[in-house]
Amino acid sequence: MRYVKWLSHYLDRRRSAVTFGKFDGLHLGHQKLIETVQRLKKENNTVSIVCAFDMRPLWKAKHLHMERLMTGRERCHHLSQEVDYLVECPFTEKFRSMTAEEFIRKVVCGVFNAGYVVVGADFHFGKDQGGDVHTLEKYAKEYGYELVVVEKERYGEHVISSTYIRDVLKKGNVRLANYLLGYPFEVNGRVERGNQLGRTLGFPTMNVAWPEYKLVPPKGVYISEITIDGIKYPGISNVGVKPTVSKDNKVVLESFLFQYGSDAYGRKVKAEFLEFRRPEQKFGSVEEMKAHVDKDIMYGRKYFGIE
């Protein structure tokens, strides 16, 4: 897969099958769109494209602090074997001021030379969200593409959406969120040096700064799996500010790994969340904190079947 940052940097003139959206989380609903693009590529020998709208310019312009299910790097990783191109489209003032027809003429056809446009049934685009699937259908013949509308994926009474999954995660229901995503909710980063208190207390941990704009689930302890150098290790992770031993409000992911004894400072790691264990607490003493962490470790050992 090739990653392209701006629409103007996409230069492939072959006919394409392209899907548009925010693609935050690449959940089961998004995966239906991507599977459709993959099928159209195989059947029609087109280029397969995911065009993802990057909403950060809009958030900054409106001074909004929004949270995403995944970072841009995580999205690239998940799509790396799925499509030919991931094109990231910053949602700038100039871009969002396009009318619906301008978007079709300049982007759908002008940039992507689309033979097939794949969108969800609730897709809106153009200035003031004035375009929808009916608009795309209206101009399909004139601009020479075929519209493919994919019905929304559902879970019970709920449409599977990034908004719904964010709400589920904020309630600590990691198991359901993982089902809706189709993979475990994850955090990626480099291991930083902490105060090494865990090491002195007998449970050395790895600290990773929480990514900017990444959704923070309920602060507390999680059962997790951490991947280092391509190897996955069972562990427990704490999301929070470590109120017992720190006055810094910086959110950190702190993980204790079973069956790992090497120095991981500076290495890239991926932590996947499997189950919410307990909320973060401020303890009366370091000793009280250690007693609770010991219980967490025992719970983790039982969860993974580690003797």
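Which residues are linked with Asp54 in a network of salt bridges? Here are some friendly notes on that and on the fold around it, bearing in mind that this is a predicted model.

1. The network. Asp54 is linked with Lys5, Arg56, Arg75 and Glu88 in a network of salt bridges. Across the whole model, the salt-bridge count comes to 23.

2. The Asp54 and Lys5 pair. These two residues form a salt bridge whose closest N and O atoms are 3.9 Å apart. Asp54 belongs to strand S3, while Lys5 sits in the loop between S1 and strand S2 (16-21), so the pair ties together parts that lie 49 residues apart in sequence. Their surroundings are worth a look too. Asp54 counts as buried, because its relative accessibility is 4% and the cut-off for buried is under 20%. Lys5, at 28% relative accessibility, counts as partly exposed.

3. The sheet. Six strands make up an open sheet with parallel pairing, in the order S1-S4-S3-S2-S5-S6. Strand S1 (2-4) and strand S6 (146-150) are the edge strands, each pairing on one side only. On average, neighbouring strands of this sheet are turned by 20 degrees against each other, direction ignored.

4. Strand S1 runs parallel to strand S4 (residues 85-90), and three bridges join the two.

5. A helix across the strands. Helix H3 (residues 72-79) lies across S1, strand S3 (47-54) and S4. Relative to S4, helix H3 runs at about 155 degrees.

6. The side chains of Lys32 and Glu153 meet in a salt bridge, with an N to O distance of 3.3 Å. This pair links distant parts of the chain, 121 residues apart: Lys32 is in helix H1 (residues 28-44), and Glu153 is in the loop between S6 and strand S7 (154-155). Lys32 is partly exposed, with a relative accessible area of 25%, and Glu153 is also partly exposed, at 27%.

7. A pair within helix H1. Glu43 and Arg39 have side chains that meet in a salt bridge (3.2 Å, N to O). The two residues are four apart in helix H1, so about one helical turn separates them. Glu43 is exposed, with a relative accessible area of 51%, whereas Arg39 is partly exposed at 39%.

Note on methods. Residues numbered from 1 in each chain as written. Predicted model: local features only at pLDDT ≥ 70, side-chain atom pairs only at ≥ 80, totals over all residues. Heavy atoms only, no water. Pairing = 2+ DSSP bridges. Axes fitted to C-alpha atoms, helices over the stretch in contact; angles between N-to-C directions. Contact = heavy atoms within 4.5 Å. Salt bridge = Lys/Arg side-chain N within 4 Å of Asp/Glu carboxyl O. Buried < 20%, exposed > 50% of the residue type's maximum accessible area, 1.4 Å probe, protein only.
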